[in-house]
Amino acid sequence: MAHQQVKFYQTGTLTVGNRLLDEDNRTVQATMDRSNSLDSGHRACQGCGEALGARYAIDAAMRATDNQLIAANATGCLEVFTTPYPESAWRIPWIHSLFGNAAAVATGIAAALKVKGKKEVRVIAQGGDGGTTDIGFGCLSGMFERNDDVLYICYDNQGYMNTGVQRSSATPGGARTATTMPVGPQPGADFDKGKNVPSIAMAHNIPYVATASVDRLHDLEAKVKKAMSMHGARYIQVFVPCPLGWGSQPAKTVNLARLAIESGIYPLFEAEHGEITSVTKIRNLVQVDEYLKHQRRFAHVMKNPEQLSAIQATADRNIQKYGLLGGQE
Amino acid sequence: MKNTKPYAITLDVGGSLLNKTGSWRTDRPVYLDRLPPCNSTCPAGENIQQWLYHAESGEYKKAWLEIMKNNPFPAVMGRVCYHSCESACNRTQLDEPVGINSVERFLGDQAINNQWKVKPGKSSGKKVMIVGAGMAGLSCAYHLRLAGHDVTIFESSPKPGGMVRYGIPKYRMPREKLNAEIHRIEEMGVKIELNTKVFNIAATKEKYGFDAAFLSIGAQNGQYIEIKSDQSLPSLVGVDVLQGIEEDKPSDLHGQVIVYGGGNTAIDVARSAIRMGTQGVKVVVRNSRDKMPAHLDEINEAVQEGVEIVALRSIVEISDGHLVLEKMVTVEGGKSQPTGEFETIPASVVVQALGQNVDPGLFADVDQLELDDGVLDVDFHMMSGIEGVFAGGDMVPSDRNVTIAIGHGKKAARSIDQWLKGEFQQMDEKHEVVDISMMNTWYYSDAPRTIRPILDVVRRQSGFAEVVGDLDEDSAAFEARRCMSCGNCFECDNCYGVCPDNAVIKLGNGKRFEFKYDYCKGCGMCVEECPCGAIKMEPEEI
């Protein structure tokens with residue numbers, strides 16, 4: 001398991017830091033000299049989960065590689081809000097090319113570094129769910145099957161938020177987007193569509209696949225650190241709530257991420273070479289409506305028992321499939 | 001200068017720090033300290049959250065010194081305090097309250113074992129007299145010495161300690177701990193004149209040239225009601241019985257002991273009687289059992305030890321070695337009324353423990369001081385009708401317990417200090433009390449199973465019966481770590497971590513955090529994710 005929860009030292013490893021823990025058990029984010037790879041002044045919305053998730057992940061990767069890191073970025077919010085010409089909020093070598101080719105660009109960088117003999121410099125590709133699961137999917141799958149030495153991080157906010165909240169193949173059933181309006185007999189996004197990219201990544205038999213969340217920092221950092229200790233194609237999908245696209249309070253971003261985990265709707269796990277090696281257990285199980293009710297994109301679902309029970313069924317299936325209950329406590 | 005750069009790089013590359021996103025904000029987060037409920041209810045005004053904070057990291061001396069800022073008796077309080085802090089503890093709403101009392105006892109004992117000391121303040125040249133070496137008087141003396149004043153206490157009894165010594169049995173309050181904490185105060189230069197009863201305050205004050213006086217003579221005269229009796233049974237008074245036990249005088253407690261009254265003194269007498277090998281102890285109370293003023297823990301412990309509570313009975317007659325009891329009923333408003341039904345029970349001795357009064361002797365020769373309804377009125381600063389004469393403890397209008405007395409002593413000492421310097425200061429405004437709804441309790445992890453059972457036993461019994469061992473060091477630290485630090489930053493780094501805009505600066509160990517308002521967009525995530533409720537949003541002035 002990537003991260004073993006430490007309990008009882010007042011807040012254990014549930015908080016970002018903890019003065020009572022050994023230095024080894026504290027997060028990168030708790031240190032005064034974290035790299036702040038994604039710095040202040042970026043133009044993400046208030047309470048942006050993606051900005052938070054990107055700093056968490058890249059800072060952890062920077063620490064793991066001793067700052068020898070290059071990142072290729074897909075088009076999307078993360079690219080737009082960090083680099084309006086001529087400013088950049090990135091404090092790492094960073095390149096943006098197209099919407100759909102981040103994985104291919106990163107593969108090229110990794111190949112170049114190999115030719116140059118720069119073994120210590122590591123490569124990350126990153127993007128939102130649109131650039132990953134839809135538009136960049138061909139390049140991503142190619143990177144996986146060639147087992148290129150790249151960690152691909154997908155910040156999953158379940159839609160095309162940058163262009164005005166359209167549905168992506170990561171948008172959950174029932175959710176309202178600009179292209180899946182809550183009208184007609186099946187309001188919101190369809191339930192029987194979409195891709196489970198972590199599972200698809202696992203099907204490529206790559207060395208490492210993990211899902212993570214902005215509310216489980218220790219877990220997220222441990223996963224990034226572990227990924228950076230390995231070579232070959234690796235994939236981490238980070239759950240990042242989007243206040244704008246989801247119609248949620250900016251202050252609730254981390255809380256929503258937590259409720260998604262605690263309801264079982266977004267299972268956190270690690271897999272190596274296609275096999276699941278660990279799951280993050282639910283701490284205090286909640287029903288999905290606890291998670292849904294804070295989001296306007298699900299407002300119609302709250303009044304629709306059929307859709308509500310369909311979403312609850314998804315969560316229950318996850319709990320069953322991944323064994324999310326019991327264990328740690 | 002002519003721009004020679006090609007298209008698309010006509011501007012110099014700049015960092016995002018040029019973009020002051022703080023201008024987006026309509027509300028700003030601010031750090032604040034809220035008042036934790038434990039601190040808010042502590043009659044001695046201890047900063048419990050703060051001393052637990054030090055104890056959490058094993059800094060026991062620091063923790064002890066924090067207690068000593070307000071209360072010079074941690075080892076005594078860790079045993080006999082009724083810990084209203086624990087009743088108020090927000091953790092109760094998650095699992096069980098933090099065992100504050102047991103940690104305080106641990107710290108107090110550590111101090112005694114390691115002979116930790118507190119230094120008196122720089123001499124002020126002022127002299128203060130104190131009448132009564134009970135908790136209020138000793139607490140006042142301690143705080144006056146901290147402020148550098150010269151202090152003499154006049155005590156009518158042969159030993160200092162007041163009701164803690166003469167009213168609380170040894171099984172609850174071991175005398176070596178009490179003596180050690182009083183001795184520490186004496187070592188700070190407080191003079192205690194024992195066996196010295198003061199009859200005239202004004203004369204004594206003038207004779208020795210005292211600049212101010214503090215009266216804390218307590219309420220030691222046991223109330224005694226006349227019960228129709230054929231003198232077939234000895235009839236005793238509760239406080240006198242307890243004092244006799246303390247002084248090792250032969251006791252009249254034997255056979256079937258009947259204690260009349262439902263307060264703590266009654267329970268103390270009953271539990272002492274159990275320990276003295278009597279044949280049976282009954283506590284007769286006029287009210288229903290749930291209306292007994294004694295502390296519930298003590299009633300339960302007494303019952304466990306074999307004391308029988310006879311509720312809703314009044315003693316109407318002593319006759320032929322028996323008591324005639326009249327049955328009572330609870331009527332609307334919670335009061336009890338006689339029913340006219342009687343019963344008799346056998347008895348060997350009756351002890352009345354129906355409350356205590358202030359000895360009016362001290363005021364006989366002073367016109368300006370008069371007892372009103374049995375107590376001496378004082379103003380907000382604890383000053384009596386005479387300028388420069390202050391009073392506190394059981395003799396002033398207030399609930400009566402040791403912790404309150406210690407608080408009175410502290411408050412009076414601060415007032416006396418200010419009065420000696422010429423004028424009373426305004427009290428600092430108290431912070432808002434933190435409610436659990438202002439906190440994010442998700443973060444507080446549960447105690448592991450291995451620790452909990454040990455602590456449960458200690459929590460139930462500590463500060464209660466010395467047959468229970470002390471909290472060991474590990475358990476003390478673990479118990480302290482159950483504190484949620486309500487309303488006060490404990491540097492968990494959550495705000496520093498969860499800010500998507502990197503707009504929180506970590507200032508380093510013990511220095512907390514600052515907001516970078518140039519970049520804070522005002523999303524409020526730091527407030528939402530602060531476990532202890534030490535940040536709030538305030539509307540921005542536009």
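In the predicted model, His83(B) sits in the loop that links helix H4 (74-80) to helix H5 (84-88) of chain B. This histidine is buried, with a relative accessible area of 16%, because the cut-off for burial is under 20%. Beyond four places in sequence, His83(B) touches Asn101(B) and Asp297(B). Ile100(B) lies 17 residues from His83(B) in sequence, and the two C-alpha atoms are 7.7 Å apart.

Gly134(B) is buried, at a relative accessible area of 13%. Setting aside neighbours within four places in sequence, its contacts are Glu155(B), Gly161(B) and Gly162(B). Asp240(B) is 106 residues from Gly134(B) along the chain. In space the separation of Gly134(B) and Asp240(B) is 16 Å, C-alpha to C-alpha.

Asp493(B) is a further loop residue of chain B. It is found between helix H16 (473-480) and helix H17 (494-498) of chain B. Its phi is positive, about 70 degrees, although Asp493(B) is not a glycine. Asp493(B) has a relative accessible area of 5% and is buried.

Chain B as a whole holds 18 helices and 23 strands. Its C-alpha trace spans about 120 × 55 × 45 Å along the principal axes. Of its 542 residues, 56% count as buried. Chain B exposes about 23800 Å², of which carbon and sulfur atoms supply 49%. Contacts between residues at least 6 apart in sequence were also examined by separation. In chain B, 72% of these contacts join residues at least 24 apart. The chain carries 58 positive and 76 negative charges, and their mean positions are 6 Å apart.

The mean pLDDT of the chain is 89, and 93% of its residues reach 70 or more. Among its elements, helix H18 (residues 525-529) of chain B has the highest mean pLDDT, 98. The lowest mean, 53, belongs to helix H15 (residues 452-461) of chain B. Over residues 460-465 of chain B, pLDDT stays under 50. For that stretch the model has 18 contacts beyond four places in sequence. Where pLDDT is low, the predicted coordinates should not be read in detail.

Chain A comprises eleven helices and nine strands. Its radius of gyration is 19 Å, close to the 20 Å that the globule rule gives for 329 residues, so chain A is as compact as a globular protein of that length. Along the principal axes, the C-alpha trace of chain A spans about 60 × 45 × 40 Å. Buried residues make up 62% of the 329 in chain A. Among contacts in chain A between residues at least 6 apart in sequence, 70% join residues at least 24 apart. The mean positions of its 33 positive and 31 negative charges are 2 Å apart.

Within chain A, helix H9 (residues 253-263) is mostly covered. Eleven of its eleven residues are buried. Just after H9(A), Gly264(A) takes a positive phi of about 90 degrees.

The peptide bond from Tyr85(A) to Pro86(A) is cis, with omega near 0 degrees. Pro86(A) is placed in the loop between helix H2 (77-82) and strand E2 (87-88) of chain A. Gln158(A) has a positive phi of about 65 degrees, although it is not a glycine. Its loop lies between strand E5 (151-156) and helix H6 (197-203) of chain A. Gln158(A) counts as buried, at 8% relative accessibility.

Key
Residues are numbered from 1 along each chain as its sequence is written. Chains are lettered from A and ligands numbered from 1 in the order in which they are written. This is a predicted model: local features need pLDDT of at least 70, side-chain atom pairs count only at pLDDT 80 or more; totals for chains, interfaces and linings use all residues. Side-chain values use heavy atoms; hydrogens and water are left out. Helices (H or I, at least four residues) and strands (E, at least two) are DSSP runs, numbered from the N terminus. The radius of gyration is taken over C-alpha atoms; the globule rule is 2.2 Å times the number of residues to the power 0.38. Buried means under 20% relative accessible area, exposed over 50%, partly exposed in between (1.4 Å probe, protein chains only). Contact means heavy atoms within 4.5 Å. Lys and Arg count as positive and Asp and Glu as negative; His and the chain ends are not counted. The place of a charge is taken as NZ of Lys, CZ of Arg, CG of Asp or CD of Glu. pLDDT is the predictor's confidence in each residue, from 0 to 100. Accessible areas come from the Shrake-Rupley method with a 1.4 Å probe; for residues, only the protein chains shown count as cover.
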